[in-house]
Amino acid sequence: MEKRKLSFWQIWNMSFGFLGIQMGFALQNANASRILQIFGADLHELSWFWIIAPLMGLIVQPIVGHYSDKTWGRFGRRKPYFLVGALLASIGLVLMPQADIFIAFLPALWVGAGFLMIMDASFNIAMEPFRALVGDNLRTDQRTAGFSIQTALIGFGAVIGSWLPYALTNWFGISNVSEEGSVPMHLIWSFVIGAIILIVSILITIVTTKEYSPEELQQIENNLSQDGVIEIVDDEKESSLLDIFDDFKKMPATMRQLSWVQFFSWFGLFGMWVFAVPAIAQHIYGLPLTDSSSKTYQNAGDWVGILFGVYNLVSALFAFTLPYIAKRIGRKKTHSTSLIIGGLGLISIYFMPNEDWLILSMIGVGIAWASILAMPYAILAGSINPKKMGVYMGIFNFFIVIPQIINAIIGGPLVKYLYNDHAIFALVTSGVSFLIAALLVAKVKDVDEKLNEN
């Protein structure tokens with residue numbers, strides 16, 4: 001038995017939930033630092049609050065991956081997990097920017113950080129089974145296209161989420177100004193709209209997508225083991241959550257090689273997400289370090305949303321070209337070249353004369369972001385046993401969250417003590433990190449490409 005060849009629209013519908021998930025991520029990435037600063041967070045503390053996000057990924061994704069590998073019921077294998085994750089994430093989206101309504105019980109800053117934790121845990125509950133679903137359902141010859149379509153939908157969702165606050169203020173007249181200590185109304189409405197779209201997009205995937213049964217996956221695994229592509233797993237052994245540690249030790253060589261690429265890629269991304277608003281407010285708009293409430297600061301924050309939308313739009317469009325580029329020059333060269341372009345884009349922010357020129361920088365970041373979301377997973381999927389797809393996608397997330405945790409711990413002190421409170425150098429560091437990741441791609445072995453050569 002072989003996996004079914006899916007049409008473009010079947011792959012599109014299967015991946016459609018990513019649009020809503022990434023819209024939520026985009027609202028968080030572009031606005032969480034601003035919201036936390038409004039509630040009283042110091043610039044040097046921002047990365048410490050953001051540590052919640054990767055910690056949730058580190059804890060949640062492997063556990064969810066393990067159990068989603070073992071789940072099969074009337075609602076399917078992966079679907080129950082990303083539905084529950086979407087529902088919980090929507091609650092976090094609605095309540096995080098309104099944390100000040102709970103000040104009778106706790107300071108708004110801590111309540112906001114708590115809802116950020118709920119949001120991140122829930123996004124991770126939804127995200128890992130979604131990536132595993134794509135790996136479950138796609139044939140080897142459709143993986144690059146499948147992960148590229150997924151990347152395009154992630155890009156479209158992120159564009160909507162990133163641009164929504166700016167659009168609500170400039171096109172619909174919703175105010176971006178509020179009293180000190182309160183989040184502007186345009187952000188509150190943006191998060192509510194994001195929660196609604198998240199639920200709807202997840203439901204579209206659930207209704208339109210069929211999953212393989214355990215019996216079908218067993219037949220596929222048997223065929224792959226006979227061809228020598230994978231090593232068959234002993235089904236008689238009783239599995240437990242502790243098997244995650246054994247699976248970690250036995251991870252495929254390709255995953256180990258990709259781990260370093262992922263480390264430096266996501267170290268750079270995290271620095272950009274955390275420090276983009278204060279860096280651009282200081283370096284481009286000329287605002288003092290202490291300003292987190294003026295209209296100019298809110299305008300700077302809205303413009304960062306536009307810039308994040310630009311890199312996500314570029315990512316969505318570039319994702320459609322990835323299968324063709326990878327076919328001509330290979331996945332590894334495609335990924336390394338994209339990372340170099342993104343690294344140069346981040347470094348160029350330091351030299352740009354005004355906010356409009358930053359769009360050019362974000363085009364480079366968008367090219368790298370498209371490749372980061374697609375190429376590592378397309379390369380990885382070919383080296384994983386189908387029955388272990390969920391848990392290994394979860395373990396692979398270690399190499400996304402660990403660099404973010406490290407950046408979260410050292411990012412604030414670096415800005416304070418090494419960069420002398422100039423957050424722009426955190427973005428330059430992110431660019432250098434991308435360049436290091438590009439160099440490390442050369443050490444990765446792409447199993448699928450080797451099979452195709454044979």
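Phenylalanine 263 and phenylalanine 267 sit four residues apart, about one turn, in helix H11 (residues 253-283). Helices here are DSSP runs of H or I at least four residues long, numbered from the N terminus. An α-helix has 3.6 residues a turn, so residues three or four places apart point the same way.

Before going on, a word on the source: this is a predicted model, where local features need pLDDT of at least 70, side-chain atom pairs count only at pLDDT 80 or more, and totals for chains, interfaces and linings use all residues. Residues are numbered from 1 along each chain as its sequence is written, and side-chain values use heavy atoms, with hydrogens and water left out.

**Aromatic rings**

Searching the whole structure turns up 14 aromatic pairs. Rings of Phe, Tyr and Trp (its six-membered ring) pair if their centres lie within 6.5 Å; planes under 30 degrees apart are stacked, over 60 edge-to-face, and the rest tilted. Here are two of those pairs:

| Pair | Centre to centre | Angle between planes | Class |
|---|---|---|---|
| Phenylalanine 263 and phenylalanine 267 | 6.4 Å | 15° | stacked |
| Tyrosine 350 and phenylalanine 351 | 5.1 Å | 85° | edge-to-face |

How about their surroundings? Phenylalanine 263 and phenylalanine 267 are both buried, meaning under 20% relative accessible area, with exposed over 50% and partly exposed in between (1.4 Å probe, protein chains only). Tyrosine 350, by contrast, is partly exposed at 33%, and phenylalanine 351 is exposed at 61%. Elsewhere, Trp266, Trp273, Phe308, Tyr311 and Trp369 make up one aromatic cluster.

**A buried glutamine**

Glutamine 28 belongs to helix H2 (residues 17-38). Its relative accessibility is 1%, so glutamine 28 counts as buried. Leaving aside residues up to four places away in sequence, glutamine 28 touches Trp50, Leu116, Met119, Asp120, Phe123 and Phe191; a contact means heavy atoms within 4.5 Å.

**Helix H18**

Helix H18 (residues 424-440) has 17 residues, which should span 24 Å at 1.5 Å a residue, and its end C-alpha atoms are 25 Å apart, so the two agree. The expected span is 1.5 Å times one less than the number of residues. Among the buried residues of H18 are Ile424, Leu427, Val428 and Phe434, along with Ser430 and Ser433.

**Leucine 360**

Where does leucine 360 lie? Leucine 360 is in helix H15 (residues 358-381), and with 48% relative accessibility it counts as partly exposed.

Conventions: Helices (H or I, at least four residues) and strands (E, at least two) are DSSP runs, numbered from the N terminus.
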